[in-house]
Amino acid sequence: MDQRIINLFDEYTHAPLTRKEFMERLVKLAGGAALAAVALGVLEPGYAQAATTPADDNDLITEDVTWPGDAGVTMKGYLVYPKGKKKRGAVVVIHENRGLTPHIKDITRRVAKAGYLALGVDALSVFGGTPANEDEGRTLIGKLDKQQNLNNYLAALAYLRQRPDSNGKTGCVGFCWGGAMANSLATHDPKLNAAVAYYGTQPPAEEVSNIKAALMLHYAGLDERVNAGMVAYETALKAAGVKYEQYVYPNVNHAFNNDSSPARYNAEAAKLSWERTLKLFKAKLS
């Protein structure tokens, strides 16, 4: 697909670009309404086709759970863990800027399948939960109070640590908007053992010295928007003596791990980055 179309979609999903403006520009780039419709079918998520770990997997238990959030909010989450009585490391799965979508629930099940307590947090719990309409979800994400949202994720980590089936070790993995939150959790939770950020924007340099967790950063080589802060972040990490691993996957787009979006998904980069992520979790959460 024309890289300009992928860049336009990235702008649409991350900037205040209306659906009408996006479609008008897409039609021009694609060369007509019919070709634009074809491109849109490849760009927009196909959740059912991309699911890799079914919700009724015989080896897993799934639960809808709640815990107290900030300012009296009841937070909602999708908790998944393997069958069998065992204390396990726990992982918070942080969604993209559309909320707790079927794709993120599938990733939560993948984490659980690897042997962990996995909690997909719904950041939009403060508005009643993730809506079915993704444009509405993106709009609501922009209305979240930054500090309250951070506190709600910190509360999710605290909730996991106090569960009787937890071994007390916690990690997080986030994608896009969630990648930025993974970085933020690393700077704000000294008990966090491991944090993995997929193409997430970076925290302020002055907060980097607070990081105690082992950090893993996955970047897409074509992601100019997020990568603009990569060098400064790495410089701050080195200066602070933070243990980190940083990987740049060449010639792949932002959201390369999202297999529900065929135009941006890259199977090779997704597989390699996931193997690296699980290796970190095994070393730090087992």
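## Basis

Residue classes are used throughout: Ala, Val, Leu, Ile, Met, Phe, Trp, Tyr, Cys and Pro count as nonpolar, Asp, Glu, Lys and Arg as charged, and the others, Gly among them, as polar. The model is predicted, with local features needing pLDDT of at least 70 and side-chain atom pairs pLDDT 80 or more, while totals for chains, interfaces and linings use all residues. Residues are numbered from 1 along each chain as its sequence is written, and side-chain values use heavy atoms, without hydrogens and water.

## Domains

The chain is divided into domain 1 (1–44) and domain 2 (53–285), with bounds from an automatic or database domain assignment. Their centres, taken over C-alpha atoms, are 27 Å apart. In the contact between them, 12 residues of domain 1 meet 13 residues of domain 2 (contact means heavy atoms within 4.5 Å).

## Packing of H1 and H2

Helices are DSSP runs (H or I, at least four residues), numbered from the N terminus. H1 (residues 3–14) packs with H2 (residues 19–30) at an angle of about 180°, their axes 10 Å apart. H1 is therefore roughly antiparallel to H2 (angle over 145 degrees). Axes are lines fitted to C-alpha atoms over the stretch in contact, and angles run from 0 to 180 degrees between N-to-C directions.

From H1, Arg4, Ile5, Leu8, Phe9, Glu11 and Tyr12 meet Arg19, Phe22, Arg25, Leu26, Leu29 and Ala30 of H2. This contact has eight nonpolar, no polar and four charged residues.

## Pockets

A pocket is an open set of points on a 1 Å grid over the protein atoms alone, with protein on both sides within 12 Å along at least five of seven lines; lining residues have an atom within 4 Å of a point. Points are joined across faces, edges and corners, and volume is the space filled by probe spheres set on them.

The largest pocket has a volume of about 950 Å³. Both domains give residues to its lining, so this pocket lies between them. Of its 36 lining residues, Asn97, Ile141, Gly142, Trp177 and Ala180 lie nearest the centre. H8 (177–188) supplies the largest share, five residues.

The second largest pocket, of about 240 Å³, also lies between the domains, because both contribute to its lining. H1 gives the largest share of that lining, six residues. By class, the lining has three nonpolar, five polar and six charged residues.

## Cavity

A cavity is a set of grid points where a 1.4 Å probe fits but cannot get out. The count is one cavity of 30 Å³ or more. The largest cavity holds about 40 Å³, and its lining includes Thr13, Glu96 and Cys176.

Conventions:
Helix = DSSP H or I, 4+ residues; strand = E, 2+ residues; numbered from the N terminus. Parallel < 35°, antiparallel > 145°, perpendicular 65-115°, else oblique.
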